[in-house]
Amino acid sequence: MVTVLYKSTRNSSIRVESAAAIAKGISDEGGLFVPESIPMLTMGELKSLAGKTYAQRAAYVFSKFLTDFTDAELRYCTESAYTTKAFDTDNIAEIVHLFDNTYMLELWHGPTCAFKDMALQILPYFLTTAVKKLHMDKKVVILVATSGDTGKAALEGFKDVEGTEIMVFYPVEGVSDMQKRQMVTQEGNNVTVCAVKGNFDDCQSGVKKIFTNHEVLQSLEHGGMTFSSANSINWGRLVPQIVYYISSYVSLAESGEIAYGDLLNVVVPTGNFGNILAAYYAKMMGVPIGKLICASNINKVLTDFIRTGVYDKNRQFYATASPSMDILISSNLERLLYLLTGEDDMQIREWFTSLSETGKYEVTDAVKKKMISFFYGGFCDDAATKETIREIHEKNGYTCDTHTAVAVKVYKDYQNETGDTTKTIIASTASPFKFSASVLDALGEKPIEGTDEYDMVELLHEVSGMKIPQSLADLKTKPRRFEKSIDKTDMQQFVLQELHLS
């Protein structure tokens, strides 16, 4: 087995094993860890995954990337995370035939009803295993910025995990009522949740600054603590997402929907770019993935970037019906650009310094050409999102959430523009019950004034015929534990105070 080491997008001379990359979360100079080489999967290896459980497939894929973990450690991590105790289906990731050559990959059958569970149920096992392997005797402090789903999934994954503390920041007006309720009622003795007066990018930028602040890091050192991340800037969050694209390809081939070797397009509703980047990694490993279709809402910074090569966050920010995609700084794009530049860390530092200082950068023609050969970018607004929800419900008897509807609409636009009839899988990223008000509005149901989110959940159950996820139903009686709201400039001080370091 070839050893895979990890280097930083902003300093290619760095080499660490996967345990160190996962434990640190982000490199000291602010770069993201990437594997120095992408392991390959042969067609024979893909075929060998047929008949395996999701946990077994995951362990095999992880063995390619996390080469310093033993087989026993990987089995422990996967068999602990991917269980019917955590997920409401034996398959972990369900595939539904939606229409024509199109399939829905339902990634929301975990405890928080969002795709983030696919990675955040296993990250605590990765992290605690990594800490033991590195003989670290420090408490690991997990800092998380969330646009809605990552926060709850991380809280649920890390609650009461020995040797860890987790702190989640979310934009005060930037998440749905159900997402907020999930976070502020979180149980666990090692969890903290705080609203930030700003948008997701303010939360994310604040967390990144804390990670690299020398004075803060010194305070943590004196307190016997160290930072790590549960955002997809952490490689331990991204690598589990690669698994479900590989697994879904095998499952479709296993069921005869495709033949091994057939191309399969992938559509992903995208905010921070991690989910679609995982599909790109699967493609680079040799999985026969065709076009990667990047779907944005009206905050279409990624659509514009893919089409023009200019990344410009200096634009109006919109709060939409798909709040988890209300993002103007897509962190994981840095990993893609590092690969497309031939791992030119100097160029990456230049572009992302420009992004930090001016809010924009422009890639070279060569990088733009490579990017559009792999990716298609499209977007839609809230009106088109809701029209798509209604149309799918009426024509296909399928109810989807607002983020997934963005992906369906952009995919239809892509088909109309290109005529591409390649079989396609759409990443369905959240249960519609997490966004009941918007979904009901799309379906023409108008709850009476004063109806709370639980009444809306019940009404959506009646309209859709879908079962209400138990984890959402249970929220109704849980007390609200976290009501604090701070200015974005106070995040650093808040962290130090909560950790009793100031």
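**Charged side chains across the predicted model.** The protein carries 50 positive and 64 negative side chains, and the centres of the two sets lie 3 Å apart. Lys and Arg count as positive and Asp and Glu as negative, with His and the chain ends not counted, and each charge is placed at NZ of Lys, CZ of Arg, CG of Asp or CD of Glu. This is a predicted model, in which local features need pLDDT of at least 70 and side-chain atom pairs count only at pLDDT 80 or more, while totals for chains, interfaces and linings use all residues. Residues are numbered from 1 along each chain as its sequence is written, and side-chain values use heavy atoms, with hydrogens and water left out.

**Overall fold.** The protein has 22 helices and 16 strands (DSSP runs, H or I of at least four residues for helices and E of at least two for strands, numbered from the N terminus). The C-alpha atoms fill a box of roughly 60 × 55 × 45 Å, taken along the principal axes. Among contacts (heavy atoms within 4.5 Å) between residues at least 6 apart in sequence, 75% join residues at least 24 apart.

**Helix α7 and the residue that follows.** Helix α7, residues 149-158, is mostly covered, since nine of its 10 residues are buried (under 20% relative accessible area, with a 1.4 Å probe and protein chains only). The buried residues of α7 include Asp149, Thr150, Gly151 and Lys152, and also Leu155, Gly157 and Phe158. After α7 comes Asp160, whose phi is positive, near 60°. Across the protein, buried residues make up 60% of the 502 residues.

Methods. Buried < 20%, exposed > 50% of the residue type's maximum accessible area, 1.4 Å probe, protein only.
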